[in-house]
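Please keep the sequence and the model in view.

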Amino acid sequence: MKKSVIVFLIVSLLVVGIAFDALSVDYPKKPIKLIVPWETGGATTFIAHALADNLKPILKETIVVHNMPGGQATVGTHAVATAEPDGYTLGQIPIGPIVTQPIFQKTPYTHVDLEPVCQFSYLPFFLVCGGHTPYKTAQELIEFAKKNPDKVVYCHPGDQTVPYFSLKTFATVHGIKIVKAVPYRGTGKALMDMIGGHVDVGPLSIVDIVPYMEGDKIRVLVFFGKKRWEQFPDVPSYVELGVKALPKVWNGIFAPKGTPKEILNLLERSVREAVFSKGFQEVMKKYKQPIEFLGSEEFKKVIEEDVKYFQRMKAEAK
C-alpha cells in the first residue's frame, strides 16, 4: 500500500474519531479557558497562543489563553485542579507545578488531582549569561565565580523547579556558591533583567533566548541535557561537565480530575491534530521549539517516573 494512502487512512480515522467523540458528548459548546500558570511574556505563553490558534478550527470554538501567575505556578495549577470537570477549563502546565512543587513544598493539590490529556512538547533549557559578563564559556564562569563568590548574580524561575535544581546541581558539582539567587515568576522578566545587566547568569529556555542571541546580548554556556543539542552543537551538555541531567521540562495539557473520558479523548485527539498541523509546526520550527507528543496513557507513565525521581532526590537530601 502506498505511503500516501496509509497517511490518508490514518488522518481519516483520526477525524472520524474526533467527530464521534464530539457527537457523543456535545462538546464544546462555548469558549474553553486555557490557563497558563506564569506571567505573560515567557515561553509557555507563546506556546499556548500558538496552540490555541491551531486548535480553534479543529474544535470549532475559541480557546482563551488566561495567564494566572503566582506561587511558582502553583496558583494557576490549583485553579485547574479545582475547576468544574466539564472540559471548559484546561491548563498548559510544565513539570514543576505538577511534579516537583508538590514534593518539595506544601501545595493544596498533587499530580493525582489532574487528568493528563497529553504532552505536546518539552522546553530545552540552557545555562545562559548576559553579554555584559566577562566570561564566555562555562569553564570561565566557574573560574570567575570561585574567585568572586559574591559578584555573580543568578536568576531562576523559582525554588523547586527543574531549572532551579539544574542550576543548583551545577553550582554544587563545581563548588560555586549561589549567594545571590534571584527568583522570578516568569522567564520573560528574568531575560530582560539579564540583558539589562541586573542579573548575570540563569537557566532560560530555547524559546526565550533565540530572539536575543544575535549581537552578544546573551551567551549560551551549557545545555541541560545528556548530550549536546543538535541545534547548538558547539554548546557542551551538563553531562559533559560532570553534572547529572534531570528529567525534561515537558509541557502538557491537563484537565481537572473527573473530566469525562469522552471529553479527554476528544481533547487528546484534537491537540494531536493541532500539534502536527503545518501552521503549528512552522511556528515551533521558527523558534527552535521541539515537538514531542505523548498520548494520555504514555504521558501518565512519564509523570509517575518523574515523581519517583524527585521523591528519591528528596529522600537522599535528608
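## A phenylalanine in α10

Phe-280 lies in helix α10, residues 278–286. Helices here are DSSP runs of H or I with at least four residues, strands are runs of E with at least two, and both are numbered from the N terminus. The model is predicted: local features need pLDDT of at least 70, side-chain atom pairs count only at pLDDT 80 or more, and totals for chains, interfaces and linings use all residues. Residues are numbered from 1 along each chain as its sequence is written, and side-chain values use heavy atoms, with hydrogens and water left out.

Is Phe-280 buried or exposed? Phe-280 counts as buried because its relative accessibility is 0%. Buried means under 20% relative accessible area, exposed means over 50%, and partly exposed lies in between (1.4 Å probe, protein chains only). Leaving aside residues up to four places away in sequence, Phe-280 touches Ile-47, Ala-50, Leu-51, Asn-54, Phe-120, Ala-274, Val-275 and Ile-291. Contact means heavy atoms within 4.5 Å. Ile-291 sits 11 residues from Phe-280 along the chain, and their C-alpha atoms are 9.7 Å apart.

## The sheet

Six strands make an open, mixed sheet, in the order β2-β1-β3-β10-β4-β11. Two strands pair if DSSP finds at least two bridges between them. Neighbouring strands of the sheet are turned by 25 degrees against each other on average, direction ignored.

β1 (residues 32–36) and β3 (residues 89–94) run parallel and share three bridges. Ile-35 stands opposite Gly-91 in β3. On its other pairing, β3 runs antiparallel to β10, with four bridges. There, Ile-93 faces Gly-252 in β10. Eight bridges join β4 to β10, again antiparallel. Tyr-122 has Trp-250 in β10 as its bridge partner. β10 is mostly covered, with eight of its eight residues buried.

Which strands does helix α4 touch? Helix α4 (residues 95–104) packs on the sheet against β3, β4 (114–123) and β10 (249–256), and its direction makes about 70 degrees with that of β3. Helix α11 (residues 296–317) lies across β4, β10 and β11, at about 80 degrees to β4. Axes are lines fitted to C-alpha atoms, for helices over the stretch in contact, and angles run from 0 to 180 degrees between N-to-C directions.

α4 is mostly covered: nine of its 10 residues are buried. Among them are Gly-96, Pro-97, Gln-101 and Pro-102. The buried residues of α4 pack against α3 (74–81), β3, β4, α6 (162–173), β10 and α11.

## Where α4 meets α11

α4 and α11 pack at about 35 degrees, with their axes 9 Å apart. The α4 side of the contact consists of Ile-95, Ile-98, Val-99, Thr-100, Ile-103 and Phe-104. The α11 side consists of Ile-303, Asp-306, Val-307, Phe-310, Gln-311, Met-313 and Lys-314. These residues divide into nine nonpolar, two polar and two charged. Ala, Val, Leu, Ile, Met, Phe, Trp, Tyr, Cys and Pro count as nonpolar, Asp, Glu, Lys and Arg as charged, and the others, Gly among them, as polar.

## Aromatic pairs

How many aromatic pairs are there? The count comes to 19. Rings of Phe, Tyr and Trp (its six-membered ring) pair if their centres lie within 6.5 Å; planes under 30 degrees apart count as stacked, over 60 as edge-to-face and the rest as tilted. Phe-104 and Phe-165 form a tilted pair, 4.8 Å centre to centre, with 50 degrees between the planes. Phe-104 lies in helix α4 and Phe-165 in helix α6, so the pair ties together parts 61 residues apart in sequence. Phe-104 is partly exposed at 23% relative accessible area, whereas Phe-165 is buried at 8%.

Phe-254 and Phe-299 also form a tilted pair, because their ring centres are 5.5 Å apart and their planes stand at 50 degrees. Phe-254 belongs to strand β10 and Phe-299 to helix α11, so this pair links distant parts of the chain, 45 residues apart. Phe-254 is buried at 1% relative accessible area, and Phe-299 is buried at 0%. One aromatic cluster holds Phe-104, Tyr-164, Phe-165, Tyr-309 and Phe-310.
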